Amino acid sequence: MWPDEKRFWAEITNFINEGHIRWRGRFAHDMPLTALVLSVPARIGGLFGVKVFIATVSSLNVLMIMYLSFLLSPTRRTVVISGLISAFYPHFVYYSGLVVSEGLFLFFLTLFFVTLFTISNRPDKTTDSIIIGIIAGICHLTRPTILYFVPVFILFHSLAYQKQKFLRGILFLISFCVVISPWVMRNYSHFGEIVITTSSSGQVLWEGNNPWNKSGGVASAEWPYNDNLPSNLNELEEDQWKKQQAIDYIRSNPISFITLATKKFVRFWHFWPNDKQFQTWEYILISVLTFVPVLFFAIIGVFVLKKQWKEIGIIWFFIAYYTVIHMVTIGSIRYRLPVEPLLVALASATVSAILCKIGSKNGS
């Protein structure tokens, strides 16, 4: 098991045995939904049951990607193309067997975009705003990276309607807040402070911005970046200390920060894995032959699918937002995974539209 898998498995077993989602004494290191959801198959079938459940969710996400691509280019050809790509896409297959948050987050995030576009195409019920706000809240409870993009989602959702735009935005926000409120109240009960996300954001920021990080990747064991950590800090104070260390470093070294951010961008969009153990010719060949065509057709989809400019725009806006987050924190193709269902949907819709135009010209 990877280190992150061990952490999530510890949170799952602690919740089953003690009723608390915690890891090494930390009560808010991760968002809660992964441990909560996976505790159900864990009770039934242990670790094997969890892996089967994650693989099942990953398989269902293939259907979500197929439907998302159909919304961008509504033909049977689009569905077939996206289904074939999604079912055999190496990054999806790899993470379908890991006990981490990626599997659930990919499913919920794809479901969110599917619901957002479906609802936006039938502006008839104010309850639609509640539904999309609930799904956004579920995404946040799985991983907190969409939080700062929520206002953009609210704006897009509201502008999709001719009437009651303000009301729809308010309903979206209220339902989102209601869904995440149990997590906020639980943290307030434990810490005495309002914590909307996690107590590990400072760690991630400090890990990605310190004098020892020269690559933009994850920390190495020999880095002494936490040697001066005061011993009398609680979980939130420790996170704030790390966050402040990172901010101070960025302010004192703006050129290094920009240079490192550029390296993180390259790592995030690298055509093959950055980790040395995955840099054999087999891994490189598989990655290049699958990811590069998907990225290429997703990019030209901006021009081919211009009639769906609103949907294409919000997808690429989100992809850009997600990229910037990891240019500031840590760059890795693992962190790119949540946007890859969107890229596959865009690429599939683009290829289908191109084939349709070619068929029309040939009279077939």
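**Stop 1: helices H7 and H13**

Select helix H7, residues 150-159, and helix H13, residues 309-328, in this predicted model. How do the two run relative to each other? Their packing angle is about 175 degrees. Angles over 145 degrees count as roughly antiparallel, and H7 and H13 are therefore roughly antiparallel to each other. Their axes lie 11 Å apart.

Now show the side chains where they meet. From H7, pick Val152, Phe153 and Phe156. From H13, pick Lys310, Glu311, Ile314, Phe317 and Phe318. Colour this contact by class: six residues are nonpolar, two are charged and none is polar.

**Stop 2: the cavity**

The largest cavity holds about 60 Å³ of space.

To find the largest cavity, select Ser58, Asn61, Phe92, Tyr95, Ser96, Gly103 and Leu106, which line it. H2 (33-72), H4 (90-95) and H5 (102-120) each give at least two residues to the lining. What classes make up this lining? Four residues are polar and three are nonpolar. No charged residue is among them.

**Stop 3: arginine 334**

Keep Tyr95 selected. Tyr95 lines the largest cavity, and Tyr95 also touches arginine 334. Move to arginine 334, in helix H14, residues 333-336.

Which residues does arginine 334 contact, leaving aside neighbours within four places in sequence? They are Asp4, Tyr95, Val100 and Glu102. Zoom in on aspartate 4. Its side chain makes a polar contact with the side chain of arginine 334, at 2.6 Å.

How values were computed:
Residues are numbered from 1 along each chain as its sequence is written. This is a predicted model: local features need pLDDT of at least 70, side-chain atom pairs count only at pLDDT 80 or more; totals for chains, interfaces and linings use all residues. Side-chain values use heavy atoms; hydrogens and water are left out. Axes are lines fitted to C-alpha atoms, for helices over the stretch in contact, and angles run from 0 to 180 degrees between N-to-C directions. Helices (H or I, at least four residues) and strands (E, at least two) are DSSP runs, numbered from the N terminus. Angles under 35 degrees count as roughly parallel, over 145 as roughly antiparallel, 65 to 115 as roughly perpendicular and the rest as oblique. Contact means heavy atoms within 4.5 Å. Ala, Val, Leu, Ile, Met, Phe, Trp, Tyr, Cys and Pro count as nonpolar, Asp, Glu, Lys and Arg as charged, and the others, Gly among them, as polar. On a 1 Å grid over the protein atoms alone, a cavity is a set of points where a 1.4 Å probe fits but cannot get out, and a pocket is an open set with protein on both sides within 12 Å along at least five of seven lines; lining residues have an atom within 4 Å of a point. Grid points are joined across faces, edges and corners, and a volume is the space filled by probe spheres set on the points. A polar contact is a pair of N or O atoms within 3.5 Å; within protein, one must be able to donate a hydrogen and the other to accept it, and residues adjacent in sequence count only if both atoms are side-chain atoms.
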